[in-house]
2 protein chains.
Amino acid sequence: MSGPSPQPPAIVLVRPQLGENIGKAARAMLNFGLVDMRLVAPRDGWPNPDAGPAASGADVVLANARVFDTVQEAIADCHYVYATTVRKRGLTKPVVMPEMAAGEMRARPERSALLFGPERSGLETDDVALAQAILTVPVNPDFGSLNLAQAVILAAYEWSKQAGQPEMVIDNYEGPASQASIDGLVGQVDDALEAAGYYHVPARVASSKRTLRNLLTRPGWSEKEVRTLRGIVHALVEGRRGVRPRG
Amino acid sequence: MSGPSPQPPAIVLVRPQLGENIGKAARAMLNFGLVDMRLVAPRDGWPNPDAGPAASGADVVLANARVFDTVQEAIADCHYVYATTVRKRGLTKPVVMPEMAAGEMRARPERSALLFGPERSGLETDDVALAQAILTVPVNPDFGSLNLAQAVILAAYEWSKQAGQPEMVIDNYEGPASQASIDGLVGQVDDALEAAGYYHVPARVASSKRTLRNLLTRPGWSEKEVRTLRGIVHALVEGRRGVRPRG
């Protein structure tokens, strides 16, 4: 049961009411790579014809969902269980947010489970008592109206997020241009501004030139982008000649 | 426009199709304390009788939603704009994940906006070109099927989660210019390029204009810097007249 890398958590829907919500939960799971769905005593039986359309293609999750009579049976192979709830319980248990729960689950080699209660009422206190910890999403205290699929997606998202993707990349970006290319662009604009009489206040020439360089350096344009900009400046400057009256 | 604490981002739904999804997005927003909803050309008009029931009590968000004809108008007062998309674009832009976007928005005193595209098709490339950055949720590459409300809730959740964290500062930076100011600069350069005959290959006009906008949007220049650049462009353009031979 244990291994070198963390196992994705099981998502356990306890007494879910609507097939549509089971389908939406499946979709939310698969969006973030979770596939182990377990259903405890679904109200309308299983399979449920309303689940498939709501899953929007996450059929593999529904096809492999397992059905259990009790929560205990559903989590028998799980080593750490979180009960998701927004309401306070009379139980003394750790209460963790999704990010921390995801970190804990990733730190363990054994399988974990997340329990989600019925749509209308949420988990009963007896269900919560089966869990080692409570998972709570920090919603707006004046409007705590998370539906089942939303609660599932936030937990699944946090699990997935910690897989190590970078938080930022630049799409289609070949890296910043060389200093020589930036110098070329700055020089081109500078020459054109000289010719246009832009630097007409002698006391401000140095600071104007510094500002110009800074404005054109900070963006970090690529070589290709610098070439495009040089073309644009060329067009603006050549435009002068283009509109010059003949004769 | 600026103040000591970050302003919650505007959630901009661009050409949303179903009232039900607008309602669900409102619910997702209010769950994490966001209330500034903006609708650009909703397909079925506004108000929409299907929105209220789907909002599950988040009526205050719908009641205060504002409607605009264009994305530009909707984000005119926003200083930093993220376009949410899962598809690759031909644009060179930073691509950030929700956590980083939330951190960036919290680091700025000015209002930010998050653009969400129509349910079926997502944002068009011209919409994306209006943004300084792309916000992408790192979904399962084999099943990237986030619906509108799910995308909204993940962004809103990350924003809310970072409440109370210490703010970053950016040295000597007064913050990015408003979208309206960037529009002014882009329009000025565009007009000058038209006059200079830069757009002489009809098949490339649209992509050239998009590239121009992207090049001038991405740097995140301040209001003062945009004014300086407008002066520079003005000098280049007026220069034509200055060097025109007399007589």
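Predicted model: local features only at pLDDT ≥ 70, side-chain atom pairs only at ≥ 80, totals over all residues.
**Stop 1: the interface.** Colour the two chains separately and select the residues in contact: 66 from chain B and 65 from chain A. Together the chains bury about 5,600 Å², with 62% of that area on carbon and sulfur atoms. On the chain B side, show F143(B), L215(B) and L236(B), which lose the most area to chain A and together make up 12% of what that side buries.

**Stop 2: charges and polar pairs.** Now select K161(B) and E158(A): they form a salt bridge, with their closest N and O atoms 2.6 Å apart. Between chain B and chain A the count is five salt bridges, and 13 residue pairs are in polar contact across the interface, both residues being at pLDDT 80 or more.

The largest share, 10 residues, comes from α10(B). Coloured by class, this side of chain B shows 37 nonpolar, 17 polar and 12 charged residues.

Stop 3: To centre your view, select L229(A), V233(A), L216(B), L229(B) and V233(B), the closest to its centre among the 18 lining residues. Helices α8 (179–195), α9 (205–217) and α10 (223–242) of chain A and of chain B each supply at least two residues of the lining. Colour the lining by class and you will find 18 nonpolar residues, no polar ones and no charged ones.

How values were computed. Residues numbered from 1 in each chain as written. Chains lettered and ligands numbered in written order. Heavy atoms only, no water. 1 Å grid on protein atoms, 1.4 Å probe; cavity = no way out; pocket = protein on both sides within 12 Å on 5 of 7 lines; lining within 4 Å. Helix = DSSP H or I, 4+ residues; strand = E, 2+ residues; numbered from the N terminus. Nonpolar A, V, L, I, M, F, W, Y, C, P; charged D, E, K, R; others polar. Contact = heavy atoms within 4.5 Å. Buried area = accessible area lost by both parts, 1.4 Å probe. Salt bridge = Lys/Arg side-chain N within 4 Å of Asp/Glu carboxyl O. Polar contact = N/O pair within 3.5 Å; in protein donor to acceptor, adjacent residues only side chain to side chain.
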